[in-house]
Amino acid sequence: MYHFYPKVISVHIRDNQFWEDQHYVVHQNHTQFCNFGYAFAGRGRLVVNGQEHEVRANRLFHFANHQQIHFTVPQEDPLQYITIHYTYKLLSWAGSDLRMIEGPEEGLPFNRIESADEYQVKDRMEELHRLWTSKGADYEAHTSHVFQKMIYELLVTLQERRTSEDPNAKLIHAAMNYIKHHYREPLQRDELARAAAVSPSYFSILFKKYSGFTLTQYIHKLRMDKAKLLLRSTREPIALIAKEVGFDDALYFARIFSRETGRSPSEYRKG
């Protein structure tokens, strides 16, 4: 699974004076940075790559870099918002190797416009602006870290909302909970699919879509996380730890552990 890793470029408040200076229109044929905004007053019309969106107070909005945008506001009630300009990568660890890829062209996995009510971001956005304008020690890194944490919390909230609304998400969420409590036992895709009342092949598709892992990857991740804890916190033989986390074959366990962590179980135990 890849993790959002941003670098904040700047944080601004766009107020009445900004729009007056811009004659109430901003147009860019090719945005240089990603943008994430929180509107706290007014209203406006945002067009991204030809798609029109209404933005008003208490709304979140975002668009990626390399987009064409056209932003207009009425003179009598111009949109006022805090905006974060940033770039980002997606990072993932494969054993001891760090993988880094560019973010998707469409940007963050939110709707273009979201209500801010359920996300509770007003305080965080104000904090980000204070951090950036204070220019304190390591303010750039600190701002990027707070922004990363905020986006992670938004994604968790979004996933919870989708799970509550999407019956397929509920099925996979239930399957993941079952696996978390039974990872020591033999786990077969066909049995999990039968419990979810879908075909095995469709279960695999859904599991990857909603968890970000294949079924095997997810089971191995849970088992390896528990094995790491036991290796560092106990002196149990490695063969016994293998059985405790669901592997009857200690050699197979060691092979999977080495592949996932880049170290053998005995090397990991040494620290």
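Q: Why is G44 called buried in this predicted model?
A: The relative accessibility of G44 is 9%. Buried means under 20%, so G44 counts as buried. G44 lies in strand 4.

Q: What is G44 in contact with, leaving aside its neighbours within four places in sequence?
A: G44 is in contact with H53, E54, V55, T72, V73 and L79. Contact here means heavy atoms within 4.5 Å.

Q: How do you know where R56 stands relative to G44?
A: The C-alpha atoms of G44 and R56 are separated by 6.3 Å, and the two residues are 12 apart along the chain.

Q: Is H53 buried or exposed, and what makes it so?
A: H53 has 17% relative accessibility. The limit for buried is under 20%, so H53 counts as buried. H53 is part of strand 5. Not counting residues up to four places away in sequence, H53 touches G44, R45, L46, R112 and I113.

Q: What makes strand 2 and strand 5 edge strands?
A: The open sheet in question has four strands in the order 2-7-4-5, with antiparallel pairing. Strand 2 (25–28) and strand 5 each pair on one side only, and they are the edge strands. Neighbouring strands of this sheet are turned by 15° against each other on average, direction ignored.

Q: How do you know that strand 2 and strand 7 pair?
A: Four bridges join strand 2 to strand 7 (residues 69–72), and the two run antiparallel. Pairing asks for at least two bridges, so strand 2 and strand 7, with four bridges, count as paired. One of the partners is F71 in strand 7, which bridges to V26.

Q: Why is strand 6 said to be largely enclosed by the rest of the structure?
A: Strand 6 covers residues 59–63, and five of its five residues are buried, so the strand is largely enclosed. Both faces are covered, with R59, F61 and F63 buried on one side and L60 and H62 buried on the other. In general, the side chains of a regular strand alternate between the two faces of the sheet.

Q: Which strands pair with strand 6?
A: Strand 3 (residues 34–41) pairs with strand 6 in the antiparallel sense over five bridges. In strand 6, F63 is the bridge partner of N35. Strand 10 (residues 113–115) is joined to strand 6 by three bridges, again antiparallel. F61 stands opposite I113 in strand 10.

Q: What makes the phi of N49 worth a remark?
A: N49 has a positive phi of about 50° although it is not a glycine. Most residues other than glycine have a negative phi. N49 lies in the loop between strand 4 (43–48) and strand 5 (51–56).

Q: Why is N49 called partly exposed?
A: Its relative accessibility is 44%. Partly exposed is the range between buried, under 20%, and exposed, over 50%, so N49 counts as partly exposed.

Q: Why is A197 called exposed?
A: A197 has 69% relative accessibility. Exposed means over 50%, so A197 counts as exposed. A197 is found in the loop between helix 5 (189–196) and helix 6 (200–211). Phi of A197 is near 65°, a positive value in a residue other than glycine.

Q: Which residues of helix 7 are buried, and what covers them?
A: The buried residues of helix 7 are L215, Y218, I219, H220, L222, R223, M224, A227, L230 and L231. Their cover includes helix 4, helix 5, helix 6, helix 8 (238–244), helix 9 and helix 10 (265–270).

Q: How do helix 4 and helix 7 pack, and what makes the contact?
A: Helix 4 (residues 167–182) and helix 7 (residues 215–233) pack at an angle of about 40°, with their axes 10 Å apart. The contact is made by M176, I179 and K180 of helix 4 and L215, Y218, I219 and L222 of helix 7. These residues divide into six nonpolar, no polar and one charged. Helix 4 passes helix 7 in a right-handed crossing.

Q: Why is Y252 called partly exposed?
A: Y252 has a relative accessible area of 33%. That value falls between the limits of 20% and 50%, so Y252 is partly exposed. Y252 is in helix 9 (residues 250–261). Leaving aside neighbours within four places in sequence, Y252 is in contact with H220 and F247.

Notes:
Residues are numbered from 1 along each chain as its sequence is written. This is a predicted model: local features need pLDDT of at least 70, side-chain atom pairs count only at pLDDT 80 or more; totals for chains, interfaces and linings use all residues. Side-chain values use heavy atoms; hydrogens and water are left out. Axes are lines fitted to C-alpha atoms, for helices over the stretch in contact, and angles run from 0 to 180 degrees between N-to-C directions. A crossing is left-handed if the near helix is turned anticlockwise from the far one by less than a right angle, and right-handed if clockwise. Ala, Val, Leu, Ile, Met, Phe, Trp, Tyr, Cys and Pro count as nonpolar, Asp, Glu, Lys and Arg as charged, and the others, Gly among them, as polar. Buried means under 20% relative accessible area, exposed over 50%, partly exposed in between (1.4 Å probe, protein chains only).
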